[in-house]
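Open your viewer and load the model. We will go stop by stop.

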Amino acid sequence: MEPSPRPSVWERGAARGHEPEPVHDVARRTAAGHAPSATPSPGNPHRDTASPTTNSPAQNHPATNTPNTGNPTTGTPAAPPGPPRSPAPQHSLAALGATVSEAAASPDAILIRRTMAEIGPVADKVTSYFYALLFVQHPDLRALFPASMDTQRDRLFKALLTAATHVDDTEVLTGYLSNLGRGHRKYGTQPDHYPAVGECLLSALSRYATTSWGPETEAAWVRAYTAISQIMIDAAAENEAVAPAWWQAEVVSHELRTPEIAVVTVRPDQPYPFLAGQYTSIETPWWPRVWRHYSFASAPRSDGLLSFHVKAVPAGWVSNAMVHRARPGDVLRLGAPAGSMTVDHTTRNGLLCVGGGTGIAPIKALIEDVADHGIRRPVEVFYGARSDHDLYDLDTMLRLEQTHQWLSVRPVVATGPAVRGGTSSETGQLPDAVRQYGPFREYDAYLSGPPGLIRSGVDALVRVGIPSDRIRHDSVEELVSVGD
């Protein structure tokens, strides 16, 4: 069904940005499509509406995936949640980053890219000026942002400008922005927030893009932002009818596996349907409006509990709070489930899973999911860490291997002697270990871990025969920006 017509975003009002929702992304890039149509509303051309956002895909809360739990603010009862369906591959900044030649670009896209090229060398100044305008002219919006803007600021502005740059790629842009619109509900973003942000965006661009800016360029940005904000607003409105903006979740167990890694188990206050391999965003009571992203460490459980593997990183606000401060009885907030790094149960392909550090958490969930479906298909797991001390979940993985004949677990340590246990064990870099085995042409591959592992892992998996469109992983851009 087509969404009901809405007044132009120029007639409504500004959004607030927050860290992007990281997304699980296939390794291939998406081809460009056509530009979305949009017409600026009459009146002051600066009355535009840019929504600070950034993933998660997040980035990245597909409507087919979203739990149906009613409206927590109105008390509207929800239909009983059914099992979530397997999500389509989600769109990320990586997919939006695919280059499109100017010969194939629309006139608006060409003008927008010229603006982007001009402001590139002074991007920091443009970003700072944008936020200065926003908070001076609309001080009420400052409360929607976290106390520290340093990390979020660059990722927010980058996501917004990148989306505008790729206005011609309708399919990818719509998927990406819809995810953002749904994900930003947890921040309190409202439709009438959008115009103020857009007004400040255009003011910042016009101040620094002095050579490329003019009436035609300004009109192109107005049309692009109108389309961008409308996609986000519509997606959020549709999602509001079927899911809360966030879930409350009580910590019921906190197990410190190493001095810096904890397994945290929570009980949501409402049913929380999700799929093995997905992730969510978490806010702690100690750092309001600061959300970080963690994968579920198990397949859905009959008792409804959710577990996460969290490593405290230097200056990591949320990760340090989760590891060193959270205790049973504390209440966290969870965003909606997201991500498409899930098992395709319509095929009999094997699974090649490469997990580094706490990246083993979603890999364990995928193994449980395969076991729950009762179909024997080979699953090869490479579990990497710096040393055997950092293989904090190896005992669990080895128990799973002993239980399931179709599962092979190979621990890999970067330094020190090879670890005993598993099908085999290796010393060296995780991607190098994967190259020693195979071929894996009939396998679907899953990568989970730090950004460096993702980058080198994709290359290694392609080299052992896995087509790039069957390699799924966290988007590197969002991994880098999430940090902790």
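**Before you start**

This is a predicted model, in which local features need pLDDT of at least 70, side-chain atom pairs count only at pLDDT 80 or more, and totals for chains, interfaces and linings use all residues. Residues are numbered from 1 along each chain as its sequence is written, and side-chain values use heavy atoms, with hydrogens and water left out.

**Stop 1: the whole protein**

Show everything as a cartoon. The protein has 13 helices and 13 strands. These are DSSP runs, numbered from the N terminus: helices are H or I with at least four residues, strands are E with at least two.

The accessible surface comes to about 19,400 Å², and 52% of it belongs to carbon and sulfur atoms. Such areas come from the Shrake-Rupley method with a 1.4 Å probe; for residues, only the protein chains shown count as cover.

How much of the protein is buried? Of its 484 residues, 58% are. Buried means under 20% relative accessible area, exposed means over 50%, and partly exposed is in between (1.4 Å probe, protein chains only).

**Stop 2: the largest core**

In soluble globular proteins, nonpolar side chains tend to be buried together. A nonpolar core is a set of buried Ala, Val, Leu, Ile, Met, Phe, Trp, Tyr and Cys residues joined through side-chain atoms within 4.5 Å.

Select F130, L134, L177, L201, L205 and W221. These have the most contacts inside the largest nonpolar core, which has 45 residues. The elements giving two or more residues to this core are α2 (107–119), α3 (123–137), α4 (150–165), α5 (170–183), α6 (194–208) and α7 (215–240). Which of them gives the most? It is α7, with 9 residues.

Zoom in on L177. Setting aside residues up to four places away in sequence, L177 touches A163, I228, I231 and M232. Here contact means heavy atoms within 4.5 Å.

Another core lies apart from the largest one. This other core has 26 residues, including I363, A385, L400 and L407.

**Stop 3**

Pick L202, in helix α6. L202 is buried, at 0% relative accessible area.

Next, pick S229 in helix α7. S229 is also buried, at 0%. From S229 to G198 is 31 residues in sequence and 9.0 Å in space, C-alpha to C-alpha.

**Stop 4: cysteines**

How many disulfides does a search of the whole structure find? The count is 0. A disulfide would be a pair of cysteine sulfur atoms within 2.5 Å. Select C200: it is buried, with a relative accessible area of 0%. C353 counts as buried too, at 0%.

**Stop 5: rings**

Rings of Phe, Tyr and Trp (its six-membered ring) pair if their centres lie within 6.5 Å; planes under 30 degrees apart count as stacked, over 60 as edge-to-face and the rest as tilted. There are 12 aromatic pairs by this rule. Select W247, Y272, F274, F296 and F308, a cluster linked by ring pairs.

Now look for charges over rings. The rule asks for NZ of Lys or CZ of Arg within 6 Å of the ring centre and within 35 degrees of the ring normal. R333 lies over the face of W246, at 3.9 Å from the ring centre. R410 lies over the face of Y437, at 4.2 Å from the ring centre.

**Stop 6: loops**

Go to R289, in the loop between β4 (279–283) and β5 (291–295). Its phi is positive, about 70 degrees, although R289 is not a glycine. R289 is partly exposed, at 32%.

A315 sits in the loop between β6 (306–311) and α8 (317–325). A315 has a positive phi near 65 degrees and is not a glycine either. Buried or exposed? A315 counts as exposed, at 72% relative accessibility.

Finish at P259, in the loop between β2 (247–258) and β3 (261–268). P259 is exposed, at 53%. Leaving aside neighbours within four places in sequence, P259 is in contact with V323, H324 and H389.
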